[in-house]
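Here is a friendly briefing on how one chain meets its two neighbours. Have the structure open as you read.

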Amino acid sequence: MEYKKISSGFILKLIKGENIAEKITEFCEKEKVFFGLVKGIGALEKAEIAHFSLTEKKYINKVFEEDLEVLSFIGNIALKEEKPFMHVHITLGKNDFSVFGGHFVSGIVGATMEIFIQKFEEKTERKKDKETELFLLDLEK
Amino acid sequence: MEYKKISSGFILKLIKGENIAEKITEFCEKEKVFFGLVKGIGALEKAEIAHFSLTEKKYINKVFEEDLEVLSFIGNIALKEEKPFMHVHITLGKNDFSVFGGHFVSGIVGATMEIFIQKFEEKTERKKDKETELFLLDLEK
Amino acid sequence: MEYKKISSGFILKLIKGENIAEKITEFCEKEKVFFGLVKGIGALEKAEIAHFSLTEKKYINKVFEEDLEVLSFIGNIALKEEKPFMHVHITLGKNDFSVFGGHFVSGIVGATMEIFIQKFEEKTERKKDKETELFLLDLEK
């Protein structure tokens, strides 16, 4: 992964074989990004995504392994149990142009990933919500 | 809904059962957001979306009611007949990871919605366009 | 196409029949946007999209011609062989609300396209990568 500081954020380039979630978490710790926005496009060779069932309060996960275009990779970074945590949803395109997607769990880069991270100076935490059992943004602090 | 002012905008968190369009419109009136960008992810339990037929100059609408991941929620806010008006397109994911989407009409939040609104100080209006009969952005004023 | 300068970027409105890639390239040359982000929604009446096969190191292209909602249009602008080059991925919705998408090649606007371009002052180039044979971002310069 290479990256470059620009006004209000960073541009990241990931290359074939890199694990996106790991690389971005390392980057956030190094550059002290504790709150921000994530947005990108690119390609993956492997992706694990999930769908949350609100009734059952659990995620269903699935792994896809093929050349996938990342049509959108959108989300945010906030602190969860004092560490930078990335929450992203992803839309993926297959070679027949069909599309699927969900909550992003992990992904291995294909040709490349081009990601912009906008850094905010305010700290924002996620806190476990009783109703959904998810770590939701806590904006009142 | 909770929200927090940050540099160049606001982060909003909506919770289960809230009506997104209503909450954001109220927020824009309160915070005087008359022109801006909207971007978010989250989950809905109900969504109404639409597709515009340019030939027939009308929208076809459809309501979906199930646990839906919001993979992308992208658009803008501008003035329409002197009130803040949100124009957003949405991509939604089902529990089999299939995806559908369209012009966003309304939605009831599922687990949560996490939305970033970037506010611009310039006012921008929508004006009725004769050819499409839609209220398009008027950038020449 | 109309556009308006705003803090940190530009809002563009394209209208029926305009060729997006041509208009944005012209705009970038005129406004000296050599590095930036692109984000938008709207509608197309014709779209050419592509999928990259990493094994075969080539794109497969396909043209769609019908009323299409642009659910997301996300990417960046950087210099390629000294000219502004737009790299965008697109998600498109049909009138049955099904979705498809891929790497954006070209598109003719339907009702309208509303695009925000964030301009960065730093120059960034794309350089041919030996492994993928694609022009990837070069962030180390």
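Chain C and chain B bury about 3,000 Å² between them, with 66% of that on carbon and sulfur atoms; buried area is the accessible area (1.4 Å probe) that two parts lose on being put together, summed over both. On the chain C side, C:Lys4, C:Glu69 and C:Phe97 lose the most area to chain B, together 25% of what that side buries. This is a predicted model, where local features need pLDDT of at least 70 and side-chain atom pairs count only at pLDDT 80 or more, while totals for chains, interfaces and linings use all residues. Residues are numbered from 1 along each chain as its sequence is written, chains are lettered from A in the order in which they are written, and side-chain values use heavy atoms, leaving out hydrogens and water.

**Chain C with chain B**

- Contact (heavy atoms within 4.5 Å) joins 34 residues of chain C to 44 residues of chain B.
- C:Glu114 forms a salt bridge with B:Arg126, their closest N and O atoms being 2.9 Å apart; the term means a side-chain nitrogen of Lys or Arg within 4 Å of a carboxyl oxygen of Asp or Glu.
- The count for this pair of chains is 1 salt bridge.

**Chain C with chain A**

- Here 44 residues of chain C are in contact with 34 residues of chain A.
- These two chains bury about 3,000 Å² between them, 66% of it on carbon and sulfur atoms.
- C:Arg126 and A:Glu114 meet through their side chains in a salt bridge, at 2.9 Å from N to O.
- Between chain C and chain A the count is 1 salt bridge.
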